Amino acid sequence: MEAVTELKSAYMEIFEAAAQAGGMLGERRRQAIDSFERLGFPTRRMEAWKHAKLDPLTRQVFPPAAPGGELSPAVVSRFADVAGAVRLVFVDGHFSSRHSDLSAAPAGVRVQSLDAALREDTDLVREQFARVVDVDGHAFAALNTAFSADGAVIDIADNVVMDAPVVVIFASSSQLAGHAAYPRILLRAGQGSEVRLVQQHLGDVDDTHLVAPVTELVLRDNSGVSLQHFQDDGPGAWHLGAISARVPRDARFALHTVSAGSRFARTDVQVDLVEPGADLRMNGLYMVDGKRYADYHTVVRHVTDHSQSQQLFKGILGGRGEAVFDGTIHVARDAQQTDSEQQNSNLLLNPMALAHSNPRLEIYADDVKCAHGSTVGELDEDAMFYLRSRGIGLDDAQALLTFAFANEVLDDMIEPALSGQARQRLLALLPGGASLEALE
Amino acid sequence: MALLEIKNLHAAVEGEEILRGINLSVDRGEVHAVMGPNGSGKSTLSKVLAGHDGYEVTGGQVLYDGKDLLDMEAEDRARLGVFLGFQYPVEIPGVANTYFLKAALNAIRKHRGEDELDAVAFLKRIRERASLVNMDENLLKRAVNEGFSGGEKKRNEIFQMAVLEPQLAILDETDSGLDIDALRIVAQGVNAMRDPDRAFLLITHYQRLLDHIEPDYVHVLVNGRIRQSGGKELAEELERSGYALFEENAA
């Protein structure tokens, strides 16, 4: 028996020792930790993880962070501040009523913490929690499902069109050093409803820690969901997240994502377009410098006919940064009239930076339109000379062109609070960025 | 002292010598036309003067206002008043024309120790100068040269020149590919900018430009050397005889 005990992972031991095993989600959490036991941490021998050097994450155990962490004023000042918005703030994965404001929720919109939803036994959690994300195939989604102490649960009734977005902020305190946070969002958009959701990750913790969020989005027919995802954790963060959405008939899902902070960041996006008229738009921008690693893995599945997807991911790589874009588009045999486009462009600011770009098309239908493209390049020399011949210095010219490269993605971010912060992050990355800021 | 003094300038591209000893002196207030057939080195001369990295100066000297021009970075030349109107203006998606001009103008003013123009003064200036070349205000808001027609791109060059007010304007085949209406507009912009303190170096393949901008001097550039210099009547002679005459002389 002792040998068997030894085979248990430290995470299973933590799970078994915690009280979370019971309750409404007890069985699902149990299945999730079993999945993790089966999967283990990904290794570089797996195709989808071959560039991910996870050693610092796997040679140490990160227990879930306790509640009660205090945010630094610098972190609080970076909250996405949107007038009239419902705001939920989580510190190290735990709901913080002090920083949150749920009073602005309009009629037909139910916003609560997962903890509160569990106590009320809401049907949304019972029916959908861990039903959209692939718990059995993603070790970090499995860990999150097993351990997520809290999260945001958002339920929007049919035909409710929200004016202001719902803002969900996952912030880190110094208590997260050496620990793990498991942020979670579950959103359901009723038929004909429209909602903008902001998911912001931020922190300033230097010591190694794990942030493993899961976002599950359930769209009903003809609904529209726009998720603005801003990943800007502290320098010590290992961010391994999953965003999963199921898009039915005539529903529209737009994802705008920016990856800027943390030591290591990977987000797996999975979108299933399951009925005719389903529409997906994805815009992503990732910035790496120093030794930062950023990674987007997207899987878009066109399951039936007449669905559309459009993806544009851009990377800006400086220092010895490394980035991966890996985008799978799967078009099932019955998915005729699929219209799908995927573009990934990378800008290398330093020859030591490394960009990997892997478009993968799996097309089993014969009457479809699928276009994809991928580029890795440096700044255009002719454009550099043109700017310099007008008196603009080398650094400023580089900053201006880099900014222009990224702007196409940032322009599409609807929430000014976030796109403004993303622009600042971008400018900070660039030599000459400060003088560019003065031009704004 | 002349504003621009080119002495025995040699330059090469990828090891091939293109300029083989250019001598040229341009003073303030003067308009010089450099004419020559394709491949004679006209564009190389303009790029070398503007500071393009892709051209290697293999000999000679260029003094600008008494300073060693070849020793300066492209942006420093521009800040001292050298302007190159591009033969093929570059499209820069994502950078609005006005934004770009503001960055350029501020860099130049800063270098001169002047304050940056405030938003109102800047807008007034660009509107005024845009009207010089009949430039639609919508083009100002668009990305630099993106989707512009050939004529619009050339007009944009003259417009930028009018905003930046250089001391020495080098216009590289600004007339090529323009229909007569566009050519007139471009010429009108240049003529409006003529000034006792400003010099122009018009680099052109076609004599037609000189019907609209009257030069003080005309130089014939063939095979990397200036074969002949003279007044505007030289352009007329060229129109009659073509470049072949000068090529034979060289042989």
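Author: Two strands pair if DSSP finds at least two bridges between them. That cut-off is used below for a predicted model with chains A and B.

Reader: Which strand of chain B is joined in parallel to strand 6 of chain B?
Author: Two bridges are enough for strands to pair. Strand 6 (residues 82-85) of chain B has 4 bridges to a parallel strand. One of its residues, L84(B), has I170(B) as bridge partner in that strand. The strand, residues 168-172 of chain B, is strand 9.

Reader: Where is G242(B), and is it buried or exposed?
Author: G242(B) sits in the loop between helix 9 (233-241) and helix 10 (244-250) of chain B. The cut-off for exposed is 12 or fewer neighbours. G242(B) has 11 C-beta neighbours inside 10 Å, so it counts as exposed.

Reader: How far apart in space are G242(B) and L49(B)?
Author: In sequence, 193 residues separate G242(B) from L49(B). From C-alpha to C-alpha, the distance in space is 27 Å.

Reader: Why is chain B as compact as a globular protein of its length, and what is its radius of gyration?
Author: Chain B has 10 helices and 12 strands. For 251 residues the globule rule gives 18 Å, and the radius of gyration is close to that, so chain B is as compact as a globular protein of that length. The value for chain B is 18 Å.

Reader: What percentage of the residues in chain B are buried?
Author: The C-alpha atoms of chain B fill a box of roughly 55 × 40 × 35 Å along the principal axes. Among contacts in chain B between residues at least 6 apart in sequence, 72% join residues at least 24 apart. Of the 251 residues in chain B, the buried share is 46%.

Reader: Which element of chain B gives the largest share of the side that touches chain A?
Author: The contact takes 21 residues from chain B and 18 residues from chain A. On the chain B side, the elements giving two or more residues are helix 2 (74-79), strand 7 (92-96), helix 3 (97-111) and helix 6 (150-164). That side divides into 15 nonpolar, 3 polar and 3 charged residues. Its largest share, 6 residues, comes from helix 3.

Reader: Which strands are the edge strands of the 10-strand sheet of chain A?
Author: The strand order in this open sheet of chain A is 2-1-5-8-11-13-15-17-19-21, with mixed pairing. An edge strand pairs on one side only. In chain A these are strand 2 (94-95) and strand 21 (369-377).

Reader: Which residue of strand 15 of chain A is the bridge partner of T257(A)?
Author: Strand 13 (residues 252-259) and strand 15 (residues 279-288) of chain A run parallel and are joined by 8 bridges. In strand 15 of chain A, the partner of T257(A) is G284(A).

Reader: What angle does helix 11 of chain A make with strand 11 of chain A?
Author: Helix 11 (residues 416-429) of chain A packs on the sheet, touching strands that include strand 8 (194-202) and strand 11 (224-232) of chain A. Its direction makes an angle with that of strand 11 of chain A of about 35 degrees.

Reader: What distance separates the centres of domain 1 and domain 2 of chain A?
Author: Domain 1 of chain A covers 2-275 and domain 2 covers 380-440. In the contact between them, 15 residues of domain 1 of chain A meet 9 residues of domain 2 of chain A. Taken over C-alpha atoms, the centres are separated by 32 Å.

Key: Residues numbered from 1 in each chain as written. Chains lettered and ligands numbered in written order. Predicted model: local features only at pLDDT ≥ 70, side-chain atom pairs only at ≥ 80, totals over all residues. Rg over C-alpha atoms; globule rule 2.2 N^0.38 Å. Buried ≥ 20, exposed ≤ 12 C-beta atoms within 10 Å, placed from the backbone. Contact = placed C-beta atoms within 7 Å. Nonpolar A, V, L, I, M, F, W, Y, C, P; charged D, E, K, R; others polar. Axes fitted to C-alpha atoms, helices over the stretch in contact; angles between N-to-C directions. Domains from an automatic or database assignment.
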